[in-house]
Amino acid sequence: GAVVSQHPSRVICKSGTSVKIECRSLDFQATTMFWYRQFPKKSLMLMATSNEGSKATYEQGVEKDKFLINHASLTLSTLTVTSAHPEDSSFYICSARDRTSGSSYNEQFFGPGTRLTVL
Amino acid sequence: AQSVAQPEDQVNVAEGNPLTVKCTYSVSGNPYLFWYVQYPNRGLQFLLKYITGDNLVKGSYGFEAEFNKSQTSFHLKKPSALVSDSALYFCAVRDFRDTGRRALTFGSGTRLQVQP
């Protein structure tokens, strides 16, 4: 089955530093990847849609200069949290859609998540 | 705009008993509906989806869900719960007319606790 990985799985950083999170589709190509944020005991909130070869589309209220997204290839998208603050601490989850699937409604495949803690 | 409601924060059931996790949705057009399960500190695992066809959808681990258009519901069910089913369950929807963004809208999640 389709596998999506995230690296790192857990990161602790100091306030003011930047952190990069990678999302990879391991056995399929993904034209589109999604980045979600999950607060404790809360649902997933879509942050942005990452499109290979073009700029990401951000949801309302998400600062694009703070959460930099780069979809450099069909198997890799990165989320960089710039100048991180304690309120950025959260669980970040990516998902990917298989571009080769003929279906327009195929399910998204989710990564295992990255827990970011900003001190 | 699309939305999903999961009215129960937590559902408790005894092992061996049937379980139901409720979900209602709202979309402008026809919905694509999904159920995902999340274990602690893990990503989401796909359980099942409804696109079209039979209203009763069977998925992984013995779970099934019934699409009810008149009640705009997509409740998750299992005939006999296992302790290992204890996890956080998310219902999600996408409007089939959304050929652009194609992102999912998630419910708030329901924690299922199965007692031995």
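Q: So which residue is the bridge partner of A:Val19 in β8(A)?
A: That's A:Val81. Before we go on, this is a predicted model, where local features need pLDDT of at least 70, side-chain atom pairs count only at pLDDT 80 or more, and totals for chains, interfaces and linings use all residues. Residues are numbered from 1 along each chain as its sequence is written, chains are lettered from A and ligands numbered from 1 in the order in which they are written, and side-chain values use heavy atoms, leaving out hydrogens and water.

Q: What sheet do they sit in?
A: An open one with 4 strands in chain A, ordered β1-β3-β8-β7, with antiparallel pairing. At its edges are β1 (4–7) and β7 (67–73) of chain A, each with a single partner strand, so one side of each has no neighbour in the sheet.

Q: OK, switching to cysteines. How many disulfides are there over all chains?
A: A search of the whole structure gives 2. A disulfide here means a pair of cysteine sulfur atoms within 2.5 Å. One joins A:Cys23 to A:Cys94, with an S to S distance of 2.0 Å.

Q: Which strands does that one tie together?
A: A:Cys23 is in β3 (residues 19–25) of chain A and A:Cys94 is in β9 (residues 90–97) of chain A, so the bond ties together parts 71 residues apart in sequence.

Q: Is A:Cys23 buried or exposed?
A: Buried, with a relative accessible area of 0%. A:Cys94 is buried at 0% too. The cut-offs are under 20% relative accessible area for buried, over 50% for exposed and partly exposed in between, using a 1.4 Å probe and protein chains only.

Q: And what's the other disulfide?
A: B:Cys23 with B:Cys91, sulfur atoms 2.0 Å apart. B:Cys23 is in the loop between β3 (19–21) and β4 (24–26) of chain B, while B:Cys91 is in strand β10 (residues 87–95), 68 residues away. Both cysteines are buried.

Note on methods: Helices (H or I, at least four residues) and strands (E, at least two) are DSSP runs, numbered from the N terminus. Two strands pair if DSSP finds at least two bridges between them.
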